Amino acid sequence: MNAIRRSEERGQADHGWLKSFHTFSFADYYDPRHMGFGPLRVINEDRVQPGAGFGTHGHRDMEIISYVLDGELAHRDSMGNGSVIRPGDVQRMSAGTGVRHSEFNGSKEHPVHFLQIWIEPKFRGIEPGYEEKRFTPEDKRGRLRLIASADGAEGSVLIHQDARVYAGLFAPGEQARLALAPQRQAYVHVARGGITVNGVSLRSGDALEVTQADEVALAQGVEAEVLVFDLPVLQQA
């Protein structure tokens with residue numbers, strides 16, 4: 001089964017220095033039909049103006065992944081980490097028992113465009129942690145490259161949840177398939193461009209929930225950059 005989440009249906013916020021689209025309920029945007037998908041809780045598409053950013057603030061019990069599409073994103077946190085990530089870099093911060101951090105546009109001249117992704121951890125109260133890895137365009141060209149996983153497989157960043165996150169770049173003629181095991185589901189987010197997923201045509205900002213299926217099939221990409229989340233089916237309390 002497929003459920004489509006169109007780009008224009010997302011929540012929106014425009015603070016001048018920040019323009020954001022919320023795939024799931026976040027901050028002032030609330031929609032009980034879109035609270036998350038399995039342990040995937042947040043996909044925010046953010047554009048931050050030069051020299052601006054998010055001041056120091058706190059998080060707990062969340063796996064936070066930053067994925068830069070254009071520009072530079074500067075990070076500093078209470079664990080002593082400080083870096084600037086660029087397109088191709090994947091940053092993971094495990095908030096655990098508590099961490100404070102800030103995120104700013106690392107450029108005084110150009111906007112930064114990035115995705116911030118939150119995944120609920122399997123266990124609460126873990127020790128905070130930080131990691132970043134780089135994945136080149138060649139790593140992702142015409143395939144799904146594992147970028148985050150519960151065991152750090154294939155050089156991916158490690159997240160504390162039974163989830164696997166893939167990134168891929170697709171042009172016409174390039175195809176990829178991802179098998180889904182029983183009791184697994186997938187969420188496909190198109191970061192830019194256009195692509196067909198399981199026969200459904202998607203464009204930049206669109207997403208597709210894939211449930212009760214045995215695979216995710218991607219084809220007919222046009223300058224497409226795609227994230228695919230392989231997620232457990234959570235049992236209802």
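A contact is a pair of residues with heavy atoms within 4.5 Å. Among contacts between residues at least 6 apart in sequence, 70% join residues at least 24 apart. The model is predicted: local features need pLDDT of at least 70, side-chain atom pairs count only at pLDDT 80 or more, and totals for chains, interfaces and linings use all residues. Residues are numbered from 1 along each chain as its sequence is written, and side-chain values use heavy atoms, with hydrogens and water left out.

The chain has 20 strands and 1 helix. Both are DSSP runs numbered from the N terminus (helices, H or I, at least four residues; strands, E, at least two). The C-alpha atoms fill a box of roughly 45 × 40 × 35 Å along the principal axes. The radius of gyration, taken over C-alpha atoms, is compared with a globule rule of 2.2 Å times the number of residues to the power 0.38. For 237 residues, a compact globule would have a value near 18 Å; the chain has 17 Å, which agrees. Buried residues make up 53% of the 237. Buried means under 20% relative accessible area, exposed over 50%, and partly exposed in between (1.4 Å probe, protein chains only).

The structure holds 18 salt bridges. Each is a side-chain nitrogen of Lys or Arg within 4 Å of a carboxyl oxygen of Asp or Glu. Arginine 192 takes part in a salt bridge with aspartate 70, at 3.0 Å from N to O. Arginine 192 lies in strand E17 (residues 184-197) and aspartate 70 in strand E6 (residues 63-70), so this pair ties together parts 122 residues apart in sequence. Both partners are partly exposed: arginine 192 has a relative accessible area of 27%, and aspartate 70 has 37%.

Arginine 192 also meets glutamate 225 in a salt bridge, at 2.9 Å from N to O. Because glutamate 225 lies in strand E20 and arginine 192 in strand E17, the pair ties together parts 33 residues apart in sequence. Glutamate 225 is buried, at 5% relative accessibility.

Lysine 140 forms a salt bridge with glutamate 225 as well, the closest N and O atoms being 3.9 Å apart. Lysine 140 lies in helix H1 (residues 137-140) and glutamate 225 in strand E20 (residues 215-232), so parts 85 residues apart in sequence are tied together. Lysine 140 is buried, as is glutamate 225. Elsewhere, a network of salt bridges links Arg6, Glu8, Arg203 and Asp206.
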